[in-house]
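Here are my notes on the model you sent over. Have it open while you read, and go through the points in order.

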Amino acid sequence: MFTGDETRAPSFQNAVDTIPGWNCHFPVEYGLTAGRLPAFDDPRISWTIERYGDLTDRKVLELGPLEAAHTYMLARAGAHVDAVEANRLAFLKCLVTREVLDFPNARFYLGDFVQWLEQTQKRYDLIVASGVLYHMREPLRLLRAMSERADAIYLWTVMVDDDQLPPSATQRFENLDVRLYARGYGDRSVAFCGGSMDFPNWMHRDDILAVLAALGYDDVAVLNDIIGTAGNVLPTFSVFARRSASVG
(Lines give C-alpha, C1' and ligand atoms only; values in the text may rest on other atoms or scores of the structure.)
Protein backbone atom coordinates (compact mmCIF):
# COMPACT_ATOMS: atom_id res chain seq x y z
CA MET A 1 0.00 0.00 0.00
CA PHE A 2 2.75 2.49 0.91
CA THR A 3 5.52 1.03 -1.22
CA GLY A 4 6.41 1.82 -4.82
CA ASP A 5 5.66 4.89 -6.87
CA GLU A 6 2.46 6.44 -8.16
CA THR A 7 2.62 6.45 -11.97
CA ARG A 8 -0.56 8.44 -12.66
CA ALA A 9 -0.57 12.20 -13.00
CA PRO A 10 -0.74 13.87 -9.56
CA SER A 11 -4.26 14.22 -8.14
CA PHE A 12 -6.19 14.10 -4.89
CA GLN A 13 -7.80 10.89 -6.12
CA ASN A 14 -4.37 9.23 -6.04
CA ALA A 15 -4.08 10.07 -2.34
CA VAL A 16 -7.59 8.76 -1.65
CA ASP A 17 -6.87 5.55 -3.55
CA THR A 18 -3.73 4.92 -1.50
CA ILE A 19 -5.81 4.14 1.60
CA PRO A 20 -8.50 1.42 1.29
CA GLY A 21 -11.91 1.22 2.92
CA TRP A 22 -13.28 4.77 2.82
CA ASN A 23 -16.70 5.28 4.40
CA CYS A 24 -17.48 8.93 3.65
CA HIS A 25 -18.25 10.67 0.36
CA PHE A 26 -16.30 13.86 -0.27
CA PRO A 27 -18.29 16.97 -1.24
CA VAL A 28 -19.51 16.37 -4.78
CA GLU A 29 -17.77 19.43 -6.20
CA TYR A 30 -14.41 17.72 -5.66
CA GLY A 31 -15.32 14.88 -8.01
CA LEU A 32 -13.62 12.23 -5.87
CA THR A 33 -14.52 8.57 -5.50
CA ALA A 34 -14.36 7.38 -1.89
CA GLY A 35 -17.18 6.12 0.39
CA ARG A 36 -20.94 6.60 0.37
CA LEU A 37 -21.83 8.40 3.62
CA PRO A 38 -22.67 12.11 3.09
CA ALA A 39 -20.91 13.06 6.33
CA PHE A 40 -19.37 16.35 5.14
CA ASP A 41 -22.78 17.99 5.43
CA ASP A 42 -24.07 16.03 8.42
CA PRO A 43 -27.28 17.52 9.89
CA ARG A 44 -26.31 16.21 13.34
CA ILE A 45 -23.19 18.37 13.39
CA SER A 46 -25.12 21.33 11.98
CA TRP A 47 -27.60 20.87 14.85
CA THR A 48 -24.74 20.71 17.35
CA ILE A 49 -23.24 23.94 16.05
CA GLU A 50 -26.66 25.59 16.19
CA ARG A 51 -27.15 24.43 19.78
CA TYR A 52 -23.71 25.60 20.87
CA GLY A 53 -23.67 28.95 19.10
CA ASP A 54 -20.76 30.78 17.52
CA LEU A 55 -17.71 28.51 17.31
CA THR A 56 -15.31 31.19 16.13
CA ASP A 57 -11.97 30.65 17.90
CA ARG A 58 -13.54 28.10 20.26
CA LYS A 59 -11.48 25.10 21.33
CA VAL A 60 -13.14 21.85 20.26
CA LEU A 61 -12.03 18.29 20.93
CA GLU A 62 -13.30 15.62 18.55
CA LEU A 63 -13.14 11.98 19.59
CA GLY A 64 -12.77 9.46 16.79
CA PRO A 65 -12.83 11.72 13.70
CA LEU A 66 -12.79 8.66 11.37
CA GLU A 67 -12.22 10.46 8.05
CA ALA A 68 -12.40 14.09 9.25
CA ALA A 69 -15.78 14.92 7.74
CA HIS A 70 -17.10 16.32 11.02
CA THR A 71 -13.72 17.93 11.69
CA TYR A 72 -14.12 19.81 8.42
CA MET A 73 -17.57 21.09 9.45
CA LEU A 74 -16.34 22.21 12.87
CA ALA A 75 -13.26 23.90 11.44
CA ARG A 76 -15.33 25.60 8.74
CA ALA A 77 -17.52 27.00 11.55
CA GLY A 78 -14.43 28.71 12.98
CA ALA A 79 -13.35 26.27 15.69
CA HIS A 80 -9.81 25.23 16.50
CA VAL A 81 -10.08 21.45 16.59
CA ASP A 82 -7.98 18.77 18.26
CA ALA A 83 -9.07 15.42 16.82
CA VAL A 84 -7.88 12.16 18.37
CA GLU A 85 -8.12 8.92 16.38
CA ALA A 86 -6.86 5.47 17.44
CA ASN A 87 -7.27 3.65 14.12
CA ARG A 88 -4.11 4.08 12.05
CA LEU A 89 -5.82 3.91 8.66
CA ALA A 90 -8.50 6.36 9.79
CA PHE A 91 -5.79 8.71 11.05
CA LEU A 92 -4.13 8.67 7.63
CA LYS A 93 -7.50 9.30 5.96
CA CYS A 94 -7.92 12.36 8.18
CA LEU A 95 -4.59 13.71 6.93
CA VAL A 96 -5.63 13.13 3.32
CA THR A 97 -8.97 14.85 3.95
CA ARG A 98 -7.28 17.89 5.48
CA GLU A 99 -4.96 18.12 2.47
CA VAL A 100 -7.85 17.82 0.00
CA LEU A 101 -10.22 20.26 1.72
CA ASP A 102 -7.52 22.58 3.10
CA PHE A 103 -8.71 23.41 6.61
CA PRO A 104 -5.63 24.41 8.61
CA ASN A 105 -7.23 25.03 12.02
CA ALA A 106 -7.32 21.33 12.95
CA ARG A 107 -4.69 19.01 14.40
CA PHE A 108 -4.94 15.24 14.28
CA TYR A 109 -3.41 13.00 16.92
CA LEU A 110 -2.97 9.23 16.73
CA GLY A 111 -3.79 7.42 19.97
CA ASP A 112 -6.33 6.59 22.67
CA PHE A 113 -8.65 9.51 23.33
CA VAL A 114 -9.54 8.33 26.85
CA GLN A 115 -5.89 8.67 27.84
CA TRP A 116 -5.81 12.06 26.12
CA LEU A 117 -8.78 13.21 28.21
CA GLU A 118 -7.33 11.85 31.44
CA GLN A 119 -3.79 13.09 30.96
CA THR A 120 -4.19 16.53 29.41
CA GLN A 121 -4.77 19.63 31.50
CA LYS A 122 -6.34 21.43 28.56
CA ARG A 123 -9.97 22.48 28.77
CA TYR A 124 -12.23 22.66 25.75
CA ASP A 125 -15.31 24.69 24.97
CA LEU A 126 -16.96 21.69 23.32
CA ILE A 127 -16.29 17.96 22.97
CA VAL A 128 -17.80 16.15 19.97
CA ALA A 129 -18.13 12.37 20.32
CA SER A 130 -20.08 11.05 17.37
CA GLY A 131 -20.22 7.27 17.11
CA VAL A 132 -17.82 6.40 19.91
CA LEU A 133 -19.70 5.84 23.19
CA TYR A 134 -21.18 2.49 22.14
CA HIS A 135 -17.75 1.24 21.13
CA MET A 136 -16.37 1.65 24.65
CA ARG A 137 -15.80 -1.18 27.07
CA GLU A 138 -15.89 1.42 29.86
CA PRO A 139 -18.41 4.01 28.67
CA LEU A 140 -18.80 5.54 32.13
CA ARG A 141 -15.07 6.18 32.31
CA LEU A 142 -15.32 8.05 29.01
CA LEU A 143 -18.29 10.16 30.13
CA ARG A 144 -16.56 11.14 33.35
CA ALA A 145 -13.35 12.01 31.51
CA MET A 146 -15.29 14.14 29.02
CA SER A 147 -17.08 15.93 31.85
CA GLU A 148 -13.74 16.94 33.36
CA ARG A 149 -12.54 18.59 30.16
CA ALA A 150 -15.59 20.50 28.87
CA ASP A 151 -18.83 22.12 30.00
CA ALA A 152 -20.51 21.34 26.67
CA ILE A 153 -20.53 17.96 24.95
CA TYR A 154 -22.23 16.33 22.00
CA LEU A 155 -22.93 12.59 21.73
CA TRP A 156 -24.34 10.55 18.91
CA THR A 157 -24.60 6.92 19.90
CA VAL A 158 -26.34 3.64 19.51
CA MET A 159 -28.23 2.91 22.72
CA VAL A 160 -30.67 0.48 24.30
CA ASP A 161 -34.27 1.62 24.61
CA ASP A 162 -35.89 -1.70 25.57
CA ASP A 163 -36.68 -1.79 29.30
CA GLN A 164 -37.30 -5.52 29.11
CA LEU A 165 -33.83 -6.37 27.82
CA PRO A 166 -31.74 -7.75 30.71
CA PRO A 167 -28.38 -6.01 31.17
CA SER A 168 -25.12 -7.92 31.15
CA ALA A 169 -24.02 -6.04 34.26
CA THR A 170 -24.91 -3.11 36.48
CA GLN A 171 -22.33 -0.55 37.56
CA ARG A 172 -22.67 1.93 40.41
CA PHE A 173 -21.91 5.48 39.28
CA GLU A 174 -22.67 8.73 41.13
CA ASN A 175 -25.39 7.01 43.21
CA LEU A 176 -26.91 5.53 40.06
CA ASP A 177 -27.24 1.88 39.08
CA VAL A 178 -26.24 2.02 35.43
CA ARG A 179 -27.17 -0.86 33.13
CA LEU A 180 -24.51 -2.15 30.72
CA TYR A 181 -25.17 -4.38 27.72
CA ALA A 182 -22.19 -6.28 26.28
CA ARG A 183 -22.09 -6.53 22.50
CA GLY A 184 -19.68 -8.17 20.08
CA TYR A 185 -18.42 -7.09 16.67
CA GLY A 186 -19.05 -9.12 13.56
CA ASP A 187 -17.31 -6.95 10.97
CA ARG A 188 -13.53 -6.53 11.01
CA SER A 189 -13.06 -5.57 7.37
CA VAL A 190 -10.71 -2.81 6.27
CA ALA A 191 -13.63 -0.37 6.41
CA PHE A 192 -14.44 -1.34 10.01
CA CYS A 193 -14.85 1.81 12.10
CA GLY A 194 -15.61 0.40 15.54
CA GLY A 195 -13.57 0.27 18.70
CA SER A 196 -10.25 -1.45 19.25
CA MET A 197 -11.60 -3.96 21.79
CA ASP A 198 -14.36 -6.48 21.26
CA PHE A 199 -17.41 -6.64 23.54
CA PRO A 200 -18.05 -2.97 24.19
CA ASN A 201 -20.81 -2.09 26.63
CA TRP A 202 -23.85 -0.25 25.36
CA MET A 203 -25.91 1.92 27.67
CA HIS A 204 -29.63 2.45 28.10
CA ARG A 205 -30.97 5.76 26.78
CA ASP A 206 -32.39 6.71 30.18
CA ASP A 207 -29.10 5.90 31.90
CA ILE A 208 -27.08 8.06 29.51
CA LEU A 209 -29.29 11.03 30.32
CA ALA A 210 -29.21 10.26 34.05
CA VAL A 211 -25.40 10.06 34.03
CA LEU A 212 -25.12 13.39 32.21
CA ALA A 213 -27.40 14.98 34.81
CA ALA A 214 -25.31 13.48 37.62
CA LEU A 215 -22.19 14.98 36.01
CA GLY A 216 -23.74 18.44 36.19
CA TYR A 217 -25.15 18.86 32.68
CA ASP A 218 -28.48 20.52 33.34
CA ASP A 219 -29.14 21.98 29.89
CA VAL A 220 -29.79 18.91 27.72
CA ALA A 221 -31.34 18.64 24.26
CA VAL A 222 -32.12 15.35 22.54
CA LEU A 223 -32.45 14.83 18.81
CA ASN A 224 -33.92 11.68 17.33
CA ASP A 225 -31.70 10.16 14.69
CA ILE A 226 -32.34 12.07 11.47
CA ILE A 227 -30.19 10.11 9.05
CA GLY A 228 -31.38 6.59 9.86
CA THR A 229 -30.16 4.10 12.40
CA ALA A 230 -26.86 2.24 12.30
CA GLY A 231 -27.45 -0.66 9.95
CA ASN A 232 -31.13 0.43 9.87
CA VAL A 233 -31.85 -1.79 12.88
CA LEU A 234 -30.32 -0.15 15.94
CA PRO A 235 -31.83 2.70 18.00
CA THR A 236 -29.67 5.82 18.05
CA PHE A 237 -29.94 9.39 19.25
CA SER A 238 -28.07 12.66 19.57
CA VAL A 239 -27.55 14.50 22.85
CA PHE A 240 -26.23 18.02 23.31
CA ALA A 241 -25.50 18.67 26.97
CA ARG A 242 -24.22 21.82 28.66
CA ARG A 243 -23.75 23.06 32.17
CA SER A 244 -26.00 26.10 32.11
CA ALA A 245 -23.70 28.09 34.38
CA SER A 246 -21.13 28.02 31.56
CA VAL A 247 -23.35 29.74 29.00
CA GLY A 248 -21.81 33.03 27.95
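1. Is helix 3 largely enclosed by the rest of the structure or left open, and how many of its residues are buried? Seven of its eight residues are buried, so helix 3 is largely enclosed. (Buried means under 20% relative accessible area, with a 1.4 Å probe and protein chains only.) The buried ones are Ala69, His70, Thr71, Tyr72, Met73, Leu74 and Ala75.

2. Before going on, some ground rules. This is a predicted model, where local features need pLDDT of at least 70 and side-chain atom pairs count only at pLDDT 80 or more, while totals for chains, interfaces and linings use all residues. Residues are numbered from 1 along each chain as its sequence is written, and side-chain values use heavy atoms, leaving out hydrogens and water. Helices (H or I, at least four residues) and strands (E, at least two) are DSSP runs, numbered from the N terminus.

3. What covers helix 3? The cover over its buried residues includes helix 2, helix 4 (88-101), strand 1 (59-63), strand 2 (80-85), strand 3 (106-110) and strand 4 (126-130). Just after helix 3, have a look at glycine 78, which takes a positive phi of about 105 degrees.

4. Now the helix pair. Helix 2 (residues 43-52) packs against helix 3 (residues 69-76) at an angle of about 30 degrees, and the axes are 10 Å apart. (Axes are lines fitted to C-alpha atoms, for helices over the stretch in contact; angles run from 0 to 180 degrees between N-to-C directions.) The two helices are therefore roughly parallel, a label for angles under 35 degrees. On the helix 2 side, Arg44, Ile45, Ser46 and Ile49 make the contact, and on the helix 3 side His70, Met73 and Leu74 do. Contact here means heavy atoms within 4.5 Å.

5. Further along, three strands form an open sheet in the order 6-7-8, with antiparallel pairing. (Two strands pair if DSSP finds at least two bridges between them.) Strand 6 (169-173) and strand 8 (201-203) are at the edges with a single partner strand each, so one side of each has no neighbour in the sheet. Neighbouring strands are turned by 45 degrees against each other on average, direction ignored.

6. Strand 6 and strand 7 (residues 176-182) pair over five bridges, and glutamine 171 stands opposite valine 178 in strand 7. Helix 6 (residues 139-147) packs on this sheet, touching strand 6, strand 7 and strand 8, and its direction makes about 60 degrees with that of strand 8. Helix 7 (residues 205-214) also packs on the sheet and touches strand 6, strand 7 and strand 8; its direction makes about 135 degrees with that of strand 7.

Note on methods:
Angles under 35 degrees count as roughly parallel, over 145 as roughly antiparallel, 65 to 115 as roughly perpendicular and the rest as oblique. Buried means under 20% relative accessible area, exposed over 50%, partly exposed in between (1.4 Å probe, protein chains only).
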